[in-house]
Structure formats: structure tokens, C-alpha cells
Amino acid sequence: MRIAVVGGGPGGLYFASLMKQLDPAHRVTVWERNAPEDTFGFGVVFSDETLTGIAGADEAVHAEMERGFARWTDIDVDVDGRRFTVGGQGFAAMGRKELLQILQRRAAELGVRVHYRTPAPDVEELRAAHDLVLAADGVNSAVRSALAPAFGPSLDRRHNKYIWLGTDLVFEAFQFFVKQTEWGTMQIHGYPYSATGSTFIVEMHEEVWRRAGFDRTDGREFGPGESDAFAVSRVAEIFAEELQGHRILTNNSRWLNFTTVRNERWYDGNVVLLGDAAHTAHFSIGSGTKLAMEDALALAACLHERPGVPEALEAYQAERRPVVESTQRAAQASLEWFENIGMYAGQEPAQFVFNLLTRSRRITFENLKERDAEFAALVEGGFGAHPGPAMFQPVRIGPLELNNRIIVSPMDMYSAVDGVPGDFHLVHLGSKALGGAGLVMSEMVCVSPEGRITPGCAGLWTDGQAEAWRRVTSFVHGGSSAKVGLQLGHSGRKGSTRVMWEGIDEPLPDGNWEVIGPSALPYGPGCHVPREATRDDLDRVVADFEAAARRGAEAGFDLIEVHAAHGYLLSSFLSPVANRRTDAYGGSLERRLRFPLEVFDAVRRAAPERIPVTVRISATDWLPDGTTEEDAVEIARAFVEHGAAAIDVSSGQVARHERPAYGRSYQTPFADRIRHRVAAPAGVPVIAVGAISSWDDANSILLAGRADLCALGRTHLYDPQWTLHAAAEQDYRGPGAEWPVQWQAGRRRPPTSRTDRIPPRLSLLRDGVSGTAHLRWTPERRVGVSA
């Protein structure tokens with residue numbers, strides 16, 4: 001093959017060498033616009049997984065890398081004058097210049113032609129003359145720009161400022177310094193990469209950066225290789241204590257905003273993207289060099305295994321995209337955490353450190369317990385008043401006390417007849433209550449016949465319906481320790497549709513009943529066009545909510561939640577996507593809030609003081625012109641000011657063309673922001689919901705202070721006794737997980753294969769005696785210590 005490589009960084013050189021190893025007859029040419037000795041940055045961090053791949057693909061490169069590694073297992077976090085050391089992580093780093101030299105030598109040995117100080121020819125010229133063109137030309141890829149319509153790039157420039165520096169202070173571990181200054185929170189990401197130096201990245205929000213005076217050089221044009229001398233001197237001044245008299249090192253060091261790069265396609269014809277040209281992930285979660293070298297290995301393997309270039313490039317994208325997208329999701333969570341680090345300034349230091357370590361959701365409490373049991377015990381011990389996991393600690397929602405922090409989330413069952421709940425609802429909600437959750441929520445119970453989503457929706461517009469609900473609440477109270485909550489809602493423009501299993505959001509064939517909304521805008525193509533609600537309509541809806549709340553209290557519910565999420569009537573008033581009114585109920589956020597608050601106030605008036613009234617909101621519409629994260633904070637603030645006893649934070653479902661960023665616990669960051677900025681200062685708990693499926697995730701969310709309770713829906717459909725099973729799996733027995741007396745014989749996990757095996761003793765010291773092994777980077781000794 002004739003192969004052109006644009007970019008002589010680690011990814012491009014490694015790919016070139018791998019292809020020459022696979023077939024020396026390949027003619028591989030690399031164009032690199034910089035000199036061979038030019039490289040930017042200081043250290044590069046690798047995971048054991050990546051190093052295993054490199055060792056299998058090119059033992060010569062791996063052996064040279066191995067000789068240059070700094071290795072350690074600890075993370076040191078300095079916060080509020082205290083240092084916390086957490087072990088068991090596992091890192092390997094080396095100098096970026098040394099890595100580049102290894103790859104340059106390897107490429108030369110294998111006969112790769114490299115043109116240094118030479119810009120690559122035009123991509124169309126290259127693709128005509130070569131079988132394959134690899135674009136490894138970085139985050140500002142010229143090849144990607146030239147073929148942008150084919151690749152479909154999106155560049156997300158983030159809010160924080162950072163500057164990549166080095167220091168001759170050799171850290172012994174991965175080092176975070178979190179510094180509260182008069183201008184705001186600043187942080188250092190540092191790690192050793194050799195016996196003589198460490199990477200020293202300074203990061204802060206752009207507002208903090210400006211207040212601290214770093215914008216003095218903003219807009220200045222720096223020469224090639226020139227560093228921002230003013231920034232360096234200012235950093236040295238602010239972080240003098242952390243630097244301990246050591247020097248700051250520079251290498252083209254200037255203030256930057258991180259840009260997350262994504263592409264719809266990674267190849268076009270015989271041109272393919274690799275590394276930062278294809279994707280980027282924030283430096284707080286991983287190394288771009290690591291990802292680029294993994295790309296190179298996968299691409300070379302696919303080209304070797306597949307019969308032709310088209311098949312190979314398709315296989316490469318199919319193989320690497322899911323891996324990269326997973327990394328980018330973790331990196332997005334991490335970078336957003338650091339963008340908002342200032343809001344955690346009030347956290348207790350140990351909880352703050354746990355929050356930092358679990359920010360990407362890749363590390364959980366159980367992971368941490370395996371790595372450093374002592375620190376995990378410190379975090380768990382500082383959370384609750386009683387021994388046991390966080391999820392089994394009691395919590396209050398207003399006057400209502402729950403024996404644990406797990407909620408069965410509202411889930412529409414579409415199985416009522418004329419709004420009356422039947423045997424199905426009794427068994428459905430009764431089984432979840434017996435299953436151990438602290439609070440079991442009803443489905444969205446509609447306040448009027450025309451407020452239903454489907455003909456199968458349950459309601460509370462008649463006394464007969466209230467009596468049927470009393471049958472459910474009486475069973476829950478009589479047979480379990482759970483409390484039972486009522487979610488009240490009105491479907492709005494999403495009403496008069498088929499039941500879910502016949503076509504979700506599909507209009508009923510005969511129209512059935514008229515739907516209303518804030519504006520005459522449908523939920524999506526093919527959906528009902530609602531009639532714009534009049535003042536009389538709004539008054540009627542308020543009265544319906546008030547009457548339903550009164551019936552709910554009489555039916556025995558312990559809590560009432562106003563449903564202002566998911567695109568139903570109240571949610572659509574809050575969203576600028578659905579609400580285009582020009583009267584007092586549309587326009588600004590304050591005006592869009594007016595009607596939902598009128599409804600909330602009516603429900604609060606109708607409910608006795610002993611019954612807390614909460615609200616569920618959609619924290620984002622997942623649409624460019626929709627509700628923003630900042631809007632969500634203000635929406636939550638408004639409901640708290642009107643007496644909301646808790647904020648249940650969901651997202652989306654406001655319009656059919658939404659583009660949610662699904663992933664594990666993907667809605668929790670919204671709850672986190674609302675909790676720290678609004679709810680916690682007011683003493684109001686926050687409920688996290690959305691793809692929380694394991695007890696480990698629930699405990700991690702609670703221990704990090706991202707929410708006060710966790711609501712799980714589908715997980716409880718899969719396992720109605722999920723909470724009790726979680727207690728058994730964690731060896732917990734206590735008041736937070738009360739087994740029904742009839743089931744107490746099943747409190748132990750049932751035997752599985754080989755559970756009768758008695759393992760021999762294979763360790764010299766018993767667990768808990770030796771403590772956590774802490775490997776520090778001490779190049780003069782290279783030893784591990786045990787603490």
C-alpha cells in the first residue's frame with residue numbers, strides 16, 4: 001500500500017511503524033510541519049490496558065517506554081490546608097519528548113520516510129496518489145477542515161481556562177491542589193513524568209481567570225514557541241506555597257480553552273481521521289496521546305485483517321467509536337465538574353475528595369473500597385448517623401421521614417379503566433413497597449379526563465378513583481415500612497394518544513379528546529396540534545389540581561409531587577420550545593414560571609401540612625433553544641421559594657426531536673448543580689433520577705453529595721425487591737431495609753455455584769492488617785510503602 005500520514009506526532013508515527021511491521025513492502029510517508037525536536041507539553045500518562053496493547057503490537061517500543069516510566073499508585077489531594085492520599089489507582093507516565101524520540105527512532109529503523117519541517121500536500125493531491133491518507137494532524141486538523149462536509153465535525157469550546165506548564169518539583173503521586181483564592185477556586189493537575197520533572201496544569205473558570213488579572217495578555221499574538229511570561233510569573237506568585245521554591249518550566253505555554261472534538265464520520269473514501277483530529281477528551285480523564293496510539297493500533301489491525309481499505313475503515317470506526325464515546329462521556333462529566341468546582345467549596349474535605357475522585361462516574365464507592373478501604377471507610381463513616389451504606393440512611397422530606405433514600409420512580413402503567421386503578425396497581429405498587437424502597441411513587445395520576453395521556457391513565461377526578469387509591473395506600477402502610485407518594489399531572493399537548501405498547505406518543509385514531517398547550521405547537525411531526533390554552537382553561541386546570549390534591553390526601557398518600565417535567569402541560573409552559581405565548585404566561589423565564597407556580601400553590605393549599613409537596617422538573621430540553629441548565633437552577637429556586645419540600649430532577653421529553661446524551665446516571669449532574677446552588681442552602685433535599693441502576697451508583701451519588709435521594713424506575717420493574725436484595729448483597733441488616741416478616745427467611749443471598757468452597761489462606765498478613773499499599777514515585781529509591 002501507498003500510505004500518506006499527515007502529522008508526525010505519536011499517533012501518526014506509531015501507525016506508520018505498525019504498518020511497516022505488518023508488511024515491509026508498504027510505502028509509508030509522513031509529513032510533519034515541525035522540527036523533529038519540537039514537541040509541546042511535558043508528560044504523557046498511560047493506563048496498564050493501553051501498555052498491554054503496545055507490548056503485544058511492538059515489544060521494541062514497549063521495552064524502550066518501560067525503561068523511562070515513572071510509576072505510582074497514589075492520588076494526593078490538597079484541599080483547605082489538608083492532604084488526603086488515596087491509593088490503589090495505578091499510573092505510568094513518561095516525558096512526551098522521550099516518547100516522541102522513541103517513536104521517531106522506531107519509524108526510521110523500519111524504513112518510514114518522514115519529512116520534517118514540511119507541510120503536507122493538499123489532501124486531494126494525497127488521496128489521488130495514495131491508497132490511504134491518514135489525518136493525524138491534531139485538534140486543529142487542516143485535513144478535517146478541508147473535508148468538513150464529509151466528516152461532520154462539531155467543536156465544543158469549553159468555559160475553563162488552562163495553561164500547560166511543568167516544574168522541576170518532582171511529585172511522588174498524581175497531585176491535585178484545590179486552592180480557594182480571593183478571586184475564586186483554582187486547581188492544579190500535576191503528575192511526575194521523570195526523575196527531574198512533573199507536569200503542572202493550572203485550570204480555573206474564565207470568570208475567575210479574569211478576576212485574577214490573567215486576561216492582561218488576552219488577545220496578544222505570541223510568536224512560535226513563545227510562552228506567556230506574565231501568566232507564568234503570576235502562577236508562580238499564587239502557587240508559591242505549592243511549588244515549594246521550585247521553578248516553573250514552559251514549553252509554548254499559553255492560556256487555552258479546551259475544545260471537545262467530535263465527528264459524525266471518521267473516514268471519507270480513503271481519508272481517515274486519527275487521534276485529536278477525530279476526537280478529544282479532557283486531560284483530567286485521560287491522555288490524547290494514549291487515545292491516538294490506541295487508534296493507531298486498531299486502524300493498523302483492521303487494514304491488515306480486512307480485504308480492502310473501505311472495509312477496513314468501516315471496521316476501524318465501528319471498533320473505536322464506542323470506546324472513544326465512552327471515554328468522551330466520562331471526560332465530559334469530568335470537565336463539567338471542574339468547570340463547576342467552585343460550588344463544592346462548602347463541602348466537608350473528605351466528601352469533596354470523594355466527589356472529585358468519582359466525578360466521571362468511572363470510579364464508584366465500591367471501586368474505591370477495593371483500592372483504598374481506609375479512605376472509603378472515612379467517607380462512609382462521615383455520611384450518616386447510623387452504621388451502614390449511604391442508601392440505607394434515613395432522610396426527611398419536609399415533615400415526612402423515610403427509612404432509606406431509595407424511591408420507586410413514577411412509571412406510567414396505562415392499565416386503569418376510566419381512570420380507576422385496579423388489581424394491577426395494587427400488585428404493582430404493593431410489590432415495590434414490600435421490596436424495601438423508602439418511598440413508592442404512583443404513576444402520573446391525571447387531574448381530569450382531558451388531562452390523560454392515554455385512555456389507560458389513572459386519575460383522581462372522582463371520589464370513586466380516590467377510594468380505589470385508598471386500597472393501594474392501605475396495603476402499603478399495613479404491609480411495609482414504605483411511604484407512598486402521589487404524582488399529579490396533566491398531559492397537555494401530549495394527551496389523547498395510544499397506550500405505550502400500541503405506539504408511544506401516537507395520536508388516538510379518532511382524536512378522542514381535545515388537547516391544550518401553552519401554544520398551538522405539536523410535540524412532534526404527526527402529533528396533535530394543541531389548542532392554545534385560554535385563561536378559563538388555566539383556571540380550570542388549577543382547580544382540577546387542587547381538587548385532586550385534596551382527594552389524594554383523603555386517599556392516604558404521604559406525599560404529593562407536582563409533575564412539571566417531560567413535556568406535559570406544566571413542563572411545556574416552562575419550556576421556550578413549547579411556550580411561544582405573548583401574554584403574561586410566555587416570554588421570559590419568570591413569566592413562563594407563572595402558571596406552573598399557580599398550580600403548585602394550589603396543590604400546597606389543598607394538602608395538609610403533614611403532607612410534603614414536591615416537584616419534578618426537566619432540567620434541560622436537550623435542544624439548542626430549550627431550557628438550559630441555568631434556567632433549571634432558577635426554576636428550582638422558584639419552586640423552593642414557593643414551598644417545595646424536594647426537587648426531583650429529570651430531563652427532556654419536551655419535544656420529539658430532542659437529542660439527549662444518554663449514559664449511566666446521565667441526569668445526576670443536573671441534580672448536583674441544583675442541590676449545591678439552590679436546594680442544600682435552603683435545606684431542601686434533591687432527588688436524582690435517570691439510568692441509576694446499581695446500588696453502588698446510588699451510594700456513590702449520595703456519598704459525593706450529588707443528591708439526597710435516588711429514584712429508580714426500570715430497575716424496579718426488573719427486580720421489585722431491588723432494595724432488599726441490595727441490602728443482602730451489602731451484608732446490611734438494619735432499620736433501613738426492613739424485610740416483611742413473611743420473607744425474613746430469604747434475607748441471605750441464595751447459594752450459587754461453588755459457594756461451599758472454603759478457600760485456603762494464601763496471604764502472609766490477614767486483610768486489614770497490612771493496610772493499603774501506597775506506591776510513590778521516588779526515583780532515588782523506587783520503593784513502595786505500606787500505610
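In strand β27, I647 and V649 point one way whereas D648 and S650 point the other way, and all are buried, where buried means under 20% relative accessible area, exposed over 50% and partly exposed in between, computed with a 1.4 Å probe on protein chains only. Strands, like helices, are DSSP runs numbered from the N terminus, a helix (H or I) having at least four residues and a strand (E) at least two. The model is predicted, so that local features need a pLDDT of at least 70 and side-chain atom pairs count only at pLDDT 80 or more, while totals for chains, interfaces and linings use all residues. Residues are numbered from 1 along each chain as its sequence is written, and side-chain values use heavy atoms, with hydrogens and water left out.

On one side, β27 (residues 647–650) is joined to β26 by 4 bridges, and the two strands run parallel; strands are said to pair if DSSP finds at least two bridges between them. Within this pairing, V615 stands opposite I647, and the bridge partner of R616 is D648. The chain passes from β26 through α23 to β27 in a β-α-β crossover that is right-handed, a term used if, with the strands pointing away from the viewer, the path from the first strand over the helix to the second runs clockwise. Strand β27 also pairs with β28 (residues 686–689) in the parallel sense, over 3 bridges, and here D648 stands opposite I687. A right-handed β-α-β unit is likewise made by β27, α24 and β28.

Strand β26 is mostly covered, since 6 of its 6 residues are buried. V613, V615 and I617 point one way from this strand, and T614, R616 and S618 point the other way. A parallel pairing over 5 bridges links β26 with β25, and in it I560 stands opposite V613.

Helix α22 (residues 594–606) has 13 residues and reaches 19 Å from its first C-alpha to its last, which is close to the 18 Å expected at 1.5 Å a residue, the expected span being 1.5 Å times one less than the number of residues. The buried residues of α22 include F595, L597, F600 and V603. These buried residues of α22 pack against several elements, among them β25 (559–564), β26 (613–618) and α23 (629–641), with contact taken as heavy atoms within 4.5 Å.

The structure also holds 6 cavities of 30 Å³ or more. A cavity is defined on a 1 Å grid over the protein atoms alone, as a set of points where a 1.4 Å probe fits but cannot get out, and its lining residues have an atom within 4 Å of a point; grid points are joined across faces, edges and corners, and a volume is the space filled by probe spheres set on the points. About 160 Å³ of space lies in the largest cavity. Of the 13 residues that line the largest cavity, A333, W337, Y344, P669 and D672 are the closest to its centre. Two or more lining residues are given by α12 (309–339) and by α24 (668–682), and the largest share, 4 residues, comes from α24.

Helix α12 is also the place of A331, which is buried, with a relative accessible area of 2%. When residues up to four places away in sequence are not counted, A331 touches A281, H282 and I285.

Notes:
On a 1 Å grid over the protein atoms alone, a cavity is a set of points where a 1.4 Å probe fits but cannot get out, and a pocket is an open set with protein on both sides within 12 Å along at least five of seven lines; lining residues have an atom within 4 Å of a point.
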